[in-house]
Amino acid sequence: AGQGIADNMRLWTRGVDHDRYDPARRSQKWRQAHGIADDDVLIAYAGRLVAEKNMAVMARVFVGLKKRCVAHRTIFLGDGPEAGWMRKALPDTVFAGFLHGDELATGFASSDIFFFPSITETFGNVTLEAMASGLPSVAADATGSRSLVREGETGFLAPVDREDLMMERLAQLAADGRMRHEFGARAREIAISDHEWDSIFARLRSDYEAAITQYASAKHQM
């Protein structure tokens, strides 16, 4: 902005494959294979299990939910160097390991709530994938998640130092199936309308064409 280029910038945004990440991939067989009952409310995290994604916050929140006797199960769709101590701290949590492609999409769709306390994201692809899969989210109010999760519409945002509020929001969603459904449906709508790849590339092409036209006009006036 200080150099006078703020009005001459365009964003090439991220998209999501909403044909792959689709609620229709929900699988009771997949849940049962991971020890999840049909009526369990499953809270999922997806991504690397690394310190910079706030695994310590994650663990404390999950332990807190159990102490509050919130009916739920938890699962990690991912792996990483923090997994060792986390397995000990969260013996009731399912560690599914690294998942890819259709299996990851099935994992998302077979969950019920997405929890993402990371504050180090520049965007947060996994949050968008969860949205496309029809999941409501509870996320840290930070860069990345803040640009995707709509408060009270597709999920909830909470300051990273408000673990009590994260627990409260997760417990609220776990207890209210109608809210989960409404938030999840709206999340998928937004994922498709705002982050569909064909539309994103169409805008990118339009921006290139506008830049070419502007350059040609300026060159002609020289």
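Where is the place of glutamate 121? Glutamate 121 sits in the loop between strand 4 and helix 5 (125–132). This is a predicted model, in which local features need pLDDT of at least 70, side-chain atom pairs count only at pLDDT 80 or more, and totals for chains, interfaces and linings use all residues. Residues are numbered from 1 along each chain as its sequence is written, and side-chain values use heavy atoms, with hydrogens and water left out.

**View 1. Strand 1 and its buried residues.** Helices (H or I, at least four residues) and strands (E, at least two) are DSSP runs, numbered from the N terminus. Five of the five residues of strand 1 (residues 42–46) are buried, so this strand is largely enclosed by the rest of the structure. Buried means under 20% relative accessible area, exposed over 50%, partly exposed in between (1.4 Å probe, protein chains only). Leu42, Ala44 and Ala46 point one way from strand 1. Ile43 and Tyr45 point the other way.

View 2. Two strands pair if DSSP finds at least two bridges between them. Alanine 46 has leucine 77 of strand 2 as its bridge partner. From strand 1 the chain passes through helix 2 (residues 55–67) to strand 2, a right-handed β-α-β crossover. Right-handed means that, with the strands pointing away from the viewer, the path from the first strand over the helix to the second runs clockwise.

**View 3. Glutamate 121 and its polar contacts.** Glutamate 121 has 13% relative accessibility and so counts as buried. Its side chain makes a polar contact of 2.7 Å with the side chain of lysine 53. Another polar contact, also 2.7 Å, joins it to the side chain of serine 118. A polar contact is a pair of N or O atoms within 3.5 Å; within protein, one must be able to donate a hydrogen and the other to accept it, and residues adjacent in sequence count only if both atoms are side-chain atoms.

**View 4. Tyrosine 45 stacks with phenylalanine 116.** Their ring centres are 5.8 Å apart, with 15 degrees between the planes. Rings of Phe, Tyr and Trp (its six-membered ring) pair if their centres lie within 6.5 Å; planes under 30 degrees apart count as stacked, over 60 as edge-to-face and the rest as tilted. Both tyrosine 45 and phenylalanine 116 are buried.
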